[in-house]
Amino acid sequence: MSTHYDCIIIGAGMSGLAAGIRLAYYEKKVCILEKHTMPGGLNSFYRLDGRNFDVGLHAMTNYVPRDVRSAPLNKLLRQLRLKYEDFELCPQRVSDVRFPGMKLRFSNDFSLFESDVCEKFPKQADAFRKLVAHIHAFNELDLNAKPLSARAILNEFLTDPLLIDMILCPLMYYGSANVDDMEFGQFVIMFKSIFCEGFARPRAGVRQIISTLLKQYKACKGELRMGCGVKRLNVEDGRVKSIELDTGEAITATHILSSAGYVETERLCSDVSGAALSEIEARAGQMTFVESISVLDCQPEVLGLDQTITFYNNSDRFRYRPAEGLVDVSSAVVCVPNNFQYETPLGEGIVRVTHIANFAAWKNLSADEYKAKKKECYERSIAEVVKFVPDFRKHVKYIDTFSPLTIKKFTWHDNGAVYGAPGKSKDGRTRLANVFLCGTDQGFLGIIGAMLSGISMANLHVLQGK
C-alpha cells in the first residue's frame, strides 16, 4: 500500500521549502521531493577548492526595517514564524545603473533614486512621479489580473527612451522571462522590491536562508527526501492519481504543489506526449545567463569598487533577449558581495558578473570546447566590465564560471531559463484539479517573492481549499 500525503511538494527551492513550512505548521502530512542532493534550486551554494560560493543570490530584495509590518519581508517572517534576526540581513551601501554618459544611483532609501532621476532627467520629473504613484496604486498581487506590457505602460508616462531603459535594465535582469519586455505586474513587484525597498544580504550568503528554512521545516516535522526525483505523474480523469518516483516507489497525495515550472511539470504527466508535449515545450522560457566569480587578493573598495551592485549597458538602448552567440557582454550585472553593511569585512574580495547568454550555443559545445569557451567568455566579459567599473584584473587570484548548462542542471528548467516561462499562472492553477504551481512559473519574483509564492499557493489551494 502506497504512502498517502496531504500534500507533495516538487522541489526544495525557496518556494517549496516555504510552502512546506506553512503546511507543516497546520499539521498537514507534507513531503518535499528534491531530485538533487542539495536544496535551494537556482539559489544554492557549493564549495570548490576550499572556498564557499553562492549560486543565484546576489542580494535579497524587499529589505525593510523590522517595524515596517506591512512590507513583504515582515509578512513573510510572520507567515513562517521566523524572527527578523534569523536571516542576519545586512543592507546594501549604494548601487547604480550605468549607461553611456549617464548614471542613476539607488539605495534602500527611495529618495536617492527619485532625486537622481529628477536631476538627470528634469523634463521627465513630473511624469516620473506620476508613474511612481501609478505603481503604488496598482495591485500586483491580484491573482486574476490579465498580463500587461510594462513597456507600453511606461510609454504612457515617460517620453525619454533612455530613462525607460535605465529603469527596466535592473528589473529585467532580476526578474523578466519576457524578451525585451516585462509583464507589468511583475515590473511593479520588482520596482517596489528594488527601488522602493532595496537590497540586503545575509553575511553567510544564501546558506543562511536555506539552513534557516530547513531547520524550521524539520522542526515542524515535515518530511524531506533529497536525491529523490519524480519520474511520472499518473493522470486519470483530470487529476494526478499517483506519483511514481525515480526509485520506483509510488505515493499518493491529495494536493501537489510543483515548483519545477509549468513545462517541466507537464512533461512529467502520463497523459502528455508527442505533438502535445512539443506544443507545451515551445512555451518554455529563453532568458538564461552566464556568470563569473572573481576572487581578489584585496578588498574591492581598495580598488575603487565601492558600489554594491552595478547594472551597466554600453549603448543608449537596452537589449534583453538571448545572446546571438554564447554571451552578450553589452550589458551586465556586476555584484560585489563585500559591499554590504557588515559589522566586519568579508574575508576575500569577490566580484560576480552576470551576462545574458544563449542556451543552445552552450549546449552544442563539446567538453573541450566548453572549458575553452568559458575562459574566452570570461576574458571578453571582464574587458567590457572594466569600462564601467575600476579595473580589478591584476588582483584576480581565482576564477569560477557557470553557464546556462549549470543552471539547467540545478533547476531542470528548459533552456536554463532562470525566470521560467513567459506565461505565468498567477493563481497557480493548472489543467489538473489537484496540481498547482508555485515559484518561478506562478510569478512572484525574487527570494522573498519565491517564498511568498510557496506560502500563498499553500494557503490558497491546500489550507483554504480554493
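The accessible surface of the protein comes to about 18,900 Å², and 51% of this belongs to carbon and sulfur atoms; such areas come from the Shrake-Rupley method with a 1.4 Å probe, and for residues only the protein chains shown count as cover. The structure is a predicted model, in which local features need pLDDT of at least 70 and side-chain atom pairs count only at pLDDT 80 or more, whereas totals for chains, interfaces and linings use all residues. Residues are numbered from 1 along each chain as its sequence is written, and side-chain values use heavy atoms, with hydrogens and water left out.

**Overall form**

- The protein contains 14 helices and 18 strands, where helices (H or I, at least four residues) and strands (E, at least two) are DSSP runs numbered from the N terminus.
- With a radius of gyration of 22 Å, close to the 23 Å that the globule rule gives for 466 residues, the protein is as compact as a globular protein of that length; the radius is taken over C-alpha atoms, and the rule is 2.2 Å times the number of residues to the power 0.38.
- Along its principal axes, the C-alpha trace spans about 65 × 50 × 50 Å.
- Of the 466 residues, 60% count as buried, a term that means under 20% relative accessible area, while exposed means over 50% and partly exposed lies in between (1.4 Å probe, protein chains only).
- Among the contacts with a separation of 6 or more, 72% are accounted for by residues 24 or more positions apart, contact meaning heavy atoms within 4.5 Å.

**The sheet of seven strands**

- An open sheet of 7 strands runs in the order β7-β6-β14-β15-β16-β13-β17, with mixed pairing; two strands pair if DSSP finds at least two bridges between them.
- The edges are held by β7 (102-106) and β17 (396-402), each with a single partner strand, so one side of each is left without a neighbour in the sheet.
- From one strand to the next the twist averages 20 degrees, based on axes that are lines fitted to C-alpha atoms (for helices over the stretch in contact), with angles running from 0 to 180 degrees between N-to-C directions.
- Strand β6 (residues 95-99) pairs with β7 in the antiparallel sense over 5 bridges, and V97 stands opposite L104 in β7.
- β6 also pairs with β14, here in the parallel sense over 3 bridges, and the bridge partner of R98 in β14 is Y312.
- β14 and strand β15 (residues 327-335) are paired in the antiparallel sense over 5 bridges, with S331 in β15 as the bridge partner of N313.

- In strand β14 (residues 309-313), 5 of the 5 residues are buried, so the strand is largely enclosed by the rest of the structure.
- In a regular strand the side chains alternate between the two faces of the sheet.
- The largest nonpolar core has 107 residues, of which F113, I167, F187, F191, L257, F311 and M451 touch the most other members; a nonpolar core is a set of buried Ala, Val, Leu, Ile, Met, Phe, Trp, Tyr and Cys residues joined through side-chain atoms within 4.5 Å.
- Apart from this core lies another, of 27 residues, including L33, L233, Y262 and A284.
- Leaving aside neighbours within four places in sequence, F311 is in contact with D96, V97, R98, F106, C169, P170, Y173, Y174, F199, A332 and V333.

**A hairpin and two positive phi values**

- Strand β10 (residues 230-236) and strand β11 (residues 239-245) pair in the antiparallel sense over 6 bridges, and V235 stands opposite V240 in β11.
- These two strands, β10 and β11, form a hairpin with 2 residues between them, and D237 in the turn has a positive phi of about 55 degrees.
- At 75% relative accessibility, D237 counts as exposed.
- D49, found in the loop between β3 (44-48) and β4 (51-55), has a phi near 50 degrees, a positive value in a residue other than glycine.
- D49 is likewise exposed, with a relative accessible area of 59%.

**Helix α8**

- A219 lies in helix α8 (residues 206-219) and is exposed, with a relative accessible area of 54%.
- A219 and D6 are 213 residues apart in sequence and 18 Å apart in space, C-alpha to C-alpha.
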